Amino acid sequence: MIRVHLPDSAVRHLEQVFRATPDRRLRDRLQIVLMAHRGRRHGQIAADLGVSRRTVPRWLNAYLERGLDGLAPKKAKGAVAKVPADLADEIKRWIADGPAPHGLDRANWTYAELADHLLKAKGVRASRSAVGRFCRKIGVRMYRPTYRYLRGDPAKQAAARVELAELKKSGGG
């Protein structure tokens with residue numbers, strides 16, 4: 001059985017954190033340490049808090065090894081990203097160029113179409129929502145297209161001037 005003997009200052013600090021924290025998991029862990037300090041048996045602590053008997057020594061050891069930081073709840077890491085981070089520059093380039101150079105007849109990408117193109121071009125299978133999360137992570141917004149004002153083609157402009165001049169001569173304009 002793990003015995004915990006704390007100085008009065010540490011007990012006061014733990015009680016203060018216990019009263020101040022809104023996180024129930026941290027409160028339970030602090031309570032495990034405080035109850036063990038007061039001499040409660042591990043089985044009684046587990047029964048009082050409704051946790052497994054194995055949970056009590058786990059949090060006591062964490063507190064004794066790392067202090068209050070050992071009790072802090074940590075966020076789970078989650079699944080591995082579906083879209084590899086090394087494709088970020090290429091995907092940004094796809095979005096900047098628009099879908100037309102890639103064989104789609106629309107003005108802007110959607111997350112679903114980008115996911116489909118990612119599968120066809122790179123063999124990376126990702127859902128619409130995974131592509132959306134990836135785009136937000138790299139700072140790309142699909143619903144705000146960036147317009148680029150390019151200079152007109154001089155040959156097409158000259159041809160249009162000739163057509164307009166002919167229309168004016170023929171009385172059509």
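**Figure 1. Overall architecture of the predicted chain.** From the N terminus on, the elements of the protein chain run α-α-α-α-α-α-α-α, giving 8 helices and 0 strands. The radius of gyration of the protein chain is 32 Å, well over the 16 Å that the globule rule gives for 173 residues, so the chain is more spread out than a compact globule. This radius is taken over C-alpha atoms, and the globule rule is 2.2 Å times the number of residues to the power 0.38. Along the principal axes, the C-alpha atoms fill a box of roughly 105 × 35 × 25 Å. The model is predicted: local features need pLDDT of at least 70, side-chain atom pairs count only at pLDDT 80 or more, and totals for chains, interfaces and linings use all residues. Residues are numbered from 1 along each chain as its sequence is written, and side-chain values use heavy atoms, with hydrogens and water left out. Helices (H or I, at least four residues) and strands (E, at least two) are DSSP runs, numbered from the N terminus. Of the 173 residues, 31% count as buried; buried means under 20% relative accessible area, exposed over 50%, and partly exposed in between, with a 1.4 Å probe and protein chains only. Among the contacts with a separation of 6 or more, 53% come from residues 24 or more positions apart, where contact means heavy atoms within 4.5 Å.

**Figure 2. Crossing of helices α2 and α4.** Helix α2 (residues 24-37) and helix α4 (residues 55-66) have axes that come within 9 Å and cross at roughly 85 degrees. That makes α2 roughly perpendicular to α4. Axes are lines fitted to C-alpha atoms, for helices over the stretch in contact, and angles run from 0 to 180 degrees between N-to-C directions. Angles under 35 degrees count as roughly parallel, over 145 as roughly antiparallel, 65 to 115 as roughly perpendicular and the rest as oblique. On the α2 side, Arg29, Ile32, Val33 and Ala36 meet Thr55, Val56, Trp59, Leu60 and Tyr63 of α4. The residues of this contact divide into 7 nonpolar, 1 polar and 1 charged. In this classification Ala, Val, Leu, Ile, Met, Phe, Trp, Tyr, Cys and Pro are nonpolar, Asp, Glu, Lys and Arg are charged, and the others, Gly among them, are polar.

Figure 3. Arginine 40 lies in the loop between α2 and α3, whereas histidine 42 belongs to helix α3 (residues 42-49). At 29% relative accessibility, arginine 40 counts as partly exposed; histidine 42, at 11%, counts as buried. Leaving aside neighbours within four places in sequence, arginine 40 is in contact with Met1, Met35, Ile45 and Asp48. With that same exclusion, histidine 42 touches Met1, Ile2, Val56, Pro57 and Leu60. Arginine 40 and arginine 3 are 37 residues apart in sequence and 9.6 Å apart in space, C-alpha to C-alpha.

**Figure 4. The buried side of helix α5.** In helix α5 (residues 88-97), Ala88, Ile91, Trp94 and Ile95 are buried. These residues cover an arc of only 120 degrees around the axis, which puts them on the same side of α5. The arc is that of the directions from the helix axis to the C-beta atoms. The cover over the buried residues of α5 includes α6 (111-122) and α7 (128-137). Just after α5, glycine 98 takes a positive phi of about 90 degrees.

**Figure 5. Packing of helices α6 and α7.** The axes of α6 and α7 are 8 Å apart, and the two helices pack at an angle of about 100 degrees. They are therefore roughly perpendicular to each other. Tyr111, Ala112, Leu114 and Ala115 of α6 make the contact with Arg128, Val131, Gly132, Cys135 and Arg136 of α7. By class, this contact has 6 nonpolar, 1 polar and 2 charged residues. Within α7, Ala130, Val131, Gly132, Phe134 and Cys135 are buried, and the buried residues of α7 pack against α5 and α6. Glycine 139 follows α7 with a positive phi, near 85 degrees.

**Figure 6. Surroundings of histidine 117.** Histidine 117 is found in helix α6 and, at 14% relative accessibility, counts as buried. Leaving aside neighbours within four places in sequence, histidine 117 is in contact with Trp94, His102, Trp109 and Lys122. Histidine 117 and proline 99 are 18 residues apart in sequence and 9.3 Å apart in space, C-alpha to C-alpha.
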